[in-house]
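Welcome! Here is a short briefing to read alongside the picture, with the main points sorted by topic.

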Amino acid sequence: MNITKLRKIWIHEQKIGMKGWNFSHLDGRWFNEKLPWDYRTLILKYLHDHDMLLDMGTGGGELLSSFHHLDSLTAVTEAWQPNIELLQQTLQPRGVKVYPVTNADELPVEDGSIDIMTNSHDAFNPMTVFNKLKPKGLFITEQVGATNNFSLSQFLLPDYQPAFPENTLLNTMNGFQQAGFNILLEQQAFSEMKFFDVGAIVYYASIIPWEFPNFDVNHCFSKLLDLQRMINCQGSVSTHEDRFVMIAQRP
């Protein structure tokens, strides 16, 4: 291994960053085992043309745009400033209501005004969600569970503890039932994620700071070299995602 060259490559990967929620930089460099559900398909099963849709924490609006829902009946919230600016340039001119928020679970819409609320990997408050939905309104969420990528995070950062240990399917179901919801669907899965080069791991760790807090190539360099040896030997390094999905309905 040319250690000097590897360090240079990895430092470059750490600095790339990303806009929106677009992982195309990792195309061909990682593998994600398919989940037993498809979040987009679940939403489209319940979303009707006349529904008022709110997508919480929409990121860059990539997934939302794939729903092809009427712009005038679509609203989004987003807390990260670079994404807010992107949404104001892309979705807002089309007629989508863009709500910048300071807290991920903030919902600046009228009570009882939403038919379907979607939430992919963002925070929420069950009681606030209940208040904003119409009667028989739906909340559909796919979440990253507390143990997501735990083995890789702790390998690189031995003192790592999950940033959101309370974010489990059991806690989420209980919170929504306590708020008055009926649970229509709940499912959890632990799918395999493989990385085929260490640069891909560095890039991923640099853009997911809640799973890799204070990650730095120089600080973790010896661990990265260990990962390089593993990949040289077996072609990849594996970790596991923790995912769950839930659909809740306001009576």
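A residue counts as buried when its relative accessible area is under 20%, as exposed when the value is over 50%, and as partly exposed in between. Cysteine 233, with a relative accessible area of 68%, is therefore exposed. Keep in mind that you are looking at a predicted model.

**Cysteines**

- Cysteine 220 has a relative accessible area of 1%, so this residue is buried, whereas cysteine 233 is exposed.
- How many disulfides are there? The count is zero, given that a disulfide needs a pair of cysteine sulfur atoms within 2.5 Å.

- Seven strands make up an open sheet, and their order across it is 4-3-2-5-6-10-7, with mixed pairing.
- At the edges you will find strand 4 (97-100) and strand 7 (182-189), each of which pairs on one side only.
- From one strand to the next, the twist averages 10 degrees.
- Look inside this sheet for strand 6 (residues 133-144) and strand 10 (residues 243-249): they run antiparallel and are joined by seven bridges.

- Another open sheet holds three strands in the order 1-8-9, and here the pairing is antiparallel.
- Strand 1 and strand 9 (237-240) are the edge strands, each pairing on one side only.
- Neighbouring strands in this sheet are turned against each other by 20 degrees on average, direction ignored.
- Strand 8 (residues 192-195) pairs with strand 9 over four bridges in the antiparallel sense.
- Which residue of strand 9 is the bridge partner of methionine 193? The partner is threonine 239.

**A nonpolar patch on the surface**

- Trp21, Phe164 and Trp210 form a nonpolar surface patch, and together they have about 330 Å² of accessible area.
- Tryptophan 21 sits in the loop between helix 1 (3-16) and strand 1 (30-32).
- With a relative accessibility of 39%, tryptophan 21 falls between the two limits, so this residue counts as partly exposed.

**Salt bridges**

- Side chains of opposite charge can pair when their charged atoms come close.
- The structure contains seven salt bridges, and a few of them are described here.
- One of them joins the side chains of glutamate 13 and arginine 29, at 3.0 Å from N to O. Glutamate 13 belongs to helix 1 and arginine 29 to the loop between helix 1 and strand 1, so this pair ties together parts that are 16 residues apart in sequence.
- Arginine 29 also forms a salt bridge with aspartate 197, where the closest N and O atoms are 2.9 Å apart. Aspartate 197 lies in the loop between strand 8 and helix 8 (198-207), so the parts tied together are 168 residues apart in sequence.
- Taken together, Glu13, Arg29 and Asp197 are linked in a network of salt bridges.
- Aspartate 71 lies in the loop between helix 3 (62-65) and strand 3 (74-78), and arginine 94 in the loop between helix 4 (81-90) and strand 4, so parts that are 23 residues apart in sequence are tied together.
- Arginine 94 is partly exposed, with a relative accessible area of 43%.

Technical notes. Residues numbered from 1 in each chain as written. Predicted model: local features only at pLDDT ≥ 70, side-chain atom pairs only at ≥ 80, totals over all residues. Heavy atoms only, no water. Pairing = 2+ DSSP bridges. Helix = DSSP H or I, 4+ residues; strand = E, 2+ residues; numbered from the N terminus. Axes fitted to C-alpha atoms, helices over the stretch in contact; angles between N-to-C directions. Patch = residues over 30% accessible without salt bridge, like charges linked within 9 Å, V, L, I, M, F, W, Y side chains within 5 Å. Areas by Shrake-Rupley, 256 points an atom, 1.4 Å probe, with all protein chains shown as cover. Salt bridge = Lys/Arg side-chain N within 4 Å of Asp/Glu carboxyl O. Buried < 20%, exposed > 50% of the residue type's maximum accessible area, 1.4 Å probe, protein only.
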